[in-house]
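Here is a short briefing on a two-chain model. Look over the sequence and the structure before reading on.

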Amino acid sequence: MELVVALFLLSLSLPMLLNLVPGGRMAQRSGENLQAAAAYAEGWLEAARESPPTTDGVDRRQRVVLNGVPYVAEREATLVAPGLQDVVVTMTPAGRGKPFRLATRMKRNVRP
Amino acid sequence: MRGRAAYRGAAIVTVLAVSALLLLALLAMVSVCLQDLRFGSSFALNVQSEELARAACCQFAQEVEQSQGRPIDWVERLKQPVFPDGASRLGGSVRVLSFRGASSGIPYYSVDNLNSELPASDWTGSLRVPPFTLGLVLETTVGNHKSYYRALLQQRWPYVAVSQGTISLMGTPRMASPGQDPRLVVSPSQVNGNVFCLPYAENTQQIPISDSPGRPMPVRLPDNVFTQIISSRPAGEDVLFGPVDSGYKKGAEVAVGGEIVTTGGIAKSFGNQLRGRVDFNTTLQEDPYGRVEVGGQGEAPPTGFGPNQFTGRARNGRSGPTLQKAMEFPATTDLTELVPAEAPFQTQGTTSVARMTNAPANYRYPPFTFSPGDQKFYLMENDWSLASAPGTSFYYLKGSLGNRYAEVLRPPGGPVTTVEHKTGRGLSLRDCGLFIDGDLELADISNGQDSQRTTSLGGVNSTLIVNGTLILTNASLDALDQGMVLLCRRLVMKASGNFRGLIVVQESALIFPRGVAGEDDLGNPVAPACLSIDGAILCGGGPISLARYVSDELNPTDEQIKVHGLNLWSTALNYDPRYLKSLHRYGEMRLLHLERLP
C-alpha cells in the first residue's frame, strides 16, 4: 500500500517539477533575448551619435535575427528643439513578443 | 512481517528523498534561469537609464550652444525640468541633484566648477571635478527603476588659434657669413592645440595706398625691422603673407613650414609643428573647404631639424551658433564699447596724461598711425606702471602712445628727413585695464643689452586695448601667471618673452622673433629670441599692409608687404585654458565622462 502511495505521490509531483524546466528555460531565453535586443539597439544609437539623422522620420529599418529570434529594428528621429532631436530605436520581435524601445536625445547637424 | 513493513517505509522515504533532490535540482536550475532573466532585464534598464542620462547631457549642451555666449545660471536652470518639452518619447524621467550638498538620504550631489581653473572635490572628498566643468549627478527613472549617474560636462574654449585667413607657421632665416648656407631657417614655430581657420572675407582684399581720411594706411615700420621682415616672407606670387598657393585665396589654409624668400634665395622652413585638430568652416560652399599645407614633405630636412609635422586631423563644419558668435567678435566688435563708463583720464587735452609722460606739446600725430584726425601722440619719457587704485581699475588715453617717435623735418629748400626720438621706456599693467584710443608702439632701444630693462610691455591680471595698431619692435613682451588680455586692431610684433593670456586682433597679426638669427664673432650660431605664448590668439583676418618708414610721403612704388591672417615666425603657441576665461562661455559643452553610481 505504501509503495502505491509513494508511486502516486511521485507521479503527481514529477510532472509539476519537470514543468519547471521549460518555464525556467523560457525565462532564460527571454532574458537573453532582452539583453541581445538592448545591446543591438544601443549599437544603433551609438551609430546615430557618430552620424546623426538629418530629417524627421524613420531613417533606418532592418530585419535581424538575434539569438535565434527574428526582429524588425527601426530607428526614428523627431526634432524637438532647434538642433536637438529624439532618436528612438524599436526592436519588434516576430510573433507575440513585447517590443523593446531605446530612446535618447542628440544634436542634429544642419548643413547650410 | 517486520521486514516488509520496513521495506514499505523505506520506499516512501526513498521516493520523498528523490523528489526532494529533484526539486532542489530543478529549483537551482530555475533560479539560474530567473537570474538570467533578471540580468537581461537589468541590462536593458541600465541601457535605457544611461541613454536617458546622455539625453539630459545633450539637452544641457544644446542650451549652452543656443545661448550664444550668454552666461547660464545653472542653479536656476537645474530647478526647472531637465527636458522643457516633456520628452515623452524618451520613456523615463531625469532629475539633477542639487549643488547644495547631499540630502534625503542620497549621498551624492552636483558640483558647479564651471568658472574655476582648479579641480574641485565632490562627495568622495577627491578632486574629481576638472576645471571649467559641471559635475552633475543625474537621477534617472525608467518604470520603477531608479539609477544615479555622475556626468562631467566641460565647457571650454577649444582653440589655441583662430583666424579668418591663412594661419602660417614658419622659422626665421639665418643671416649667414660667407661660406655658410644663407638659406638655413632656424627656430621653427610650434602650435600645440586646436586651430580654427575661416576663409577670407570677400570684401577686404584691397588695401588702398592713400592717406586720405577714413582709408587705411600701411603700418610704417622702422627701416631695419621692415628690411628683416621683407627679406623673410613666404614665397608666393605677390609680396604677400598669405596663401602659399595664390590660386587658393578664397579657401582657408593652414601652412606648416614651406618656402620662404630670403636674401640668399628661396629657403625652406623645416621643423615646424602643429599638434592639434584643424577645423574649417562650412558656411561657404567651398570645395575643398580648406586645407593644411605641410611644407617640404618627402624632402630630407637639414641636419638638426625634423620634418614639418601636422599631428591631428582636419575637419569641416563644427562651428555651432555660439562659436560663430565668438568668431564674429574680433572682426565686428567696436573696441570703444569695451571701455567701462567710469574709466578715468577721459581727457580731451593732455593734462593728466602729460603729467605722467612729460609729453612735449609740439609732437604731432605721427604718420604711421591709421586713425585720421587731430589726435595726440604721447612719447613715454618715463616708464608707465599702472595699477588698480581705489575706485579705479580701468584707464583711458585719448591719443597714441609710444617710446619711439619719428619726426619728419622739412627744412625750406632741403631734403625731407626723419629724426627718430627713442626713449625705450616700458609699459606695465597690474590688476587694471588700459584703453589707448590710438596706436601703441614700443621698442627696446637697448637690443637686450640693458639688463635693467627687460620688459617693454608687461601685464599681470590686466587688459590692454589698443584701438589702432600695436607695434612692438625688437621688444619684450611678458605676462605672468595671472595672465593678460591684449586687444588691438592690428598687430605687428618683433618680440620675445613669455606671454600668458589672450590676444585678440581685429584684422591681421604678424609675430616675428626679436633680434636676428645669425652667428656670433666666433662663428657659433645665434638664434633669435623667440616669443612663447600660453593661451590663445584670435585674429579677425582683415588684410593689413606694412611699409618702410622713410618719410611721411608714401612712395607708391615702395615695396609693401600685405599681411593676411595669423603669421607666426619662430613662435611657440600653446593652448592654456587658464587664460581664456572670457572665452569659455563661447565654447561647446561636451560630455567628458559618464558613470553609473552604485
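The points below go from the whole chains to the interface, the cores and a few local elements.

This is a predicted model. Chain A has 112 residues, of which 28% are buried. Chain B has 598 residues, and 46% of them are buried. The two chains touch: 41 residues of chain A are in contact with 38 residues of chain B.

**Chain A: overall form**

- Chain A holds 1 helix and 4 strands. Their order along the sequence is α-β-β-β-β.
- The radius of gyration of chain A is 23 Å, whereas a compact globule of 112 residues would come near 13 Å.
- Along the principal axes, the C-alpha atoms of chain A fill a box of roughly 90 × 25 × 20 Å.
- Among contacts in chain A with a separation of 6 or more, 48% are between residues 24 or more positions apart.

**Chain B: overall form**

- Chain B is built with 6 helices and 42 strands.
- In chain B, 69% of the contacts between residues at least 6 apart in sequence join residues at least 24 apart.

**The interface, seen from chain A**

- On the side of chain A that touches chain B, at least two residues each come from helix H1 (2–50), strand S2 (69–81), strand S3 (84–93) and strand S4 (100–107) of chain A.
- H1(A) supplies the largest share of that side, with 23 residues.
- By type, the residues on this side of chain A are 22 nonpolar, 10 polar and 9 charged.

**Nonpolar cores**

- In soluble globular proteins, nonpolar side chains tend to be buried together.
- The largest nonpolar core here has 103 residues. The residues with the most contacts inside this core are B:Ala161, B:Val195, B:Leu472, B:Ala536, B:Ile537 and B:Leu546.
- Strand S33 (residues 484–505) of chain B gives the most to this core, namely 14 residues.
- What does B:Ala161 contact, leaving aside its neighbours within four places in sequence? Its partners are B:Ile167, B:Val191, B:Val195, B:Ala536, B:Ile537, B:Leu566 and B:Leu573.
- Another core, of 51 residues, lies apart from the largest one. Among its residues are A:Met106, B:Ala44, B:Phe83 and B:Leu136.

- S30(B) runs parallel to strand S25 (residues 400–402) of chain B, and 2 bridges join them. B:Gly402 stands opposite B:Glu441 in this pairing.
- S30(B) also pairs with strand S32 (residues 462–479) of chain B, in the parallel sense and over 4 bridges. Here B:Leu440 has B:Leu470 as its bridge partner.

**Helix H3 of chain B**

- Helix H3 (residues 223–230) of chain B has four names on its buried list: B:Val225, B:Phe226, B:Gln228 and B:Ile229.
- Why do the buried residues of H3(B) line one face of the helix? Seen down the axis of H3(B), they fall within an arc of 165 degrees, so they line one face.

Terms used
Residues are numbered from 1 along each chain as its sequence is written. Chains are lettered from A and ligands numbered from 1 in the order in which they are written. This is a predicted model: local features need pLDDT of at least 70, side-chain atom pairs count only at pLDDT 80 or more; totals for chains, interfaces and linings use all residues. Two residues are in contact if their C-beta atoms, placed from the backbone, lie within 7 Å. Ala, Val, Leu, Ile, Met, Phe, Trp, Tyr, Cys and Pro count as nonpolar, Asp, Glu, Lys and Arg as charged, and the others, Gly among them, as polar. Two strands pair if DSSP finds at least two bridges between them. A nonpolar core is a set of buried Ala, Val, Leu, Ile, Met, Phe, Trp, Tyr and Cys residues joined through C-beta atoms within 7 Å. A residue is buried if 20 or more other C-beta atoms lie within 10 Å of its own, exposed if 12 or fewer, and partly exposed in between; C-beta atoms are placed from the backbone. The arc is that of the directions from the helix axis to the C-beta atoms. The radius of gyration is taken over C-alpha atoms; the globule rule is 2.2 Å times the number of residues to the power 0.38.
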